[in-house]
Amino acid sequence: MGIIVGDVHLAGGVIAPGSSPGTTFIDGDLEIQSGLLDIEIAGTGAGQFDFLDVTGDLIAPGGID
């Protein structure tokens, strides 16, 4: 588990919670200007997907594909 306290501004690079199940907790806002959010979002059973927990706002001006 990764814990970040404060706002995160991603302008290039990667946010990846880790090997499933991986968890990244951001106690603040997450703004994605550019870069990659690398998470597994589906699996066949418990513990086969990642978590991204943001207490503030998720801001993605270009959208999320």
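Predicted model: local features only at pLDDT ≥ 70, side-chain atom pairs only at ≥ 80, totals over all residues.
Residues are numbered from 1 along each chain as its sequence is written, and side-chain values use heavy atoms, with hydrogens and water left out.

Me: What is the average pLDDT of the chain?
Reply: The average is 84, and 86% of the residues score at least 70. pLDDT is the predictor's confidence in each residue, from 0 to 100.

Me: Which elements have the lowest and the highest mean pLDDT?
Reply: Strand 4 (residues 30-37) has the lowest, 88, and strand 3 (residues 23-27) the highest, 92. Strands are DSSP runs of E with at least two residues, numbered from the N terminus.

Me: What makes strand 1 and strand 3 a pair?
Reply: Two strands pair if DSSP finds at least two bridges between them. Four bridges join strand 1 to strand 3, and the two run parallel. Ile4, for one, has Ile26 in strand 3 as its bridge partner.

Me: In what order do the three strands form the open sheet?
Reply: The order is 1-3-5, with parallel pairing. Strand 1 (2-5) and strand 5 (51-54) each have a single partner strand, so one side of each is left without a neighbour in the sheet.

Me: Why does Thr24 count as buried?
Reply: Buried means under 20% relative accessible area (1.4 Å probe, protein chains only), exposed over 50%, and partly exposed in between. Thr24 has 9% relative accessibility, so Thr24 counts as buried. Thr24 lies in strand 3.
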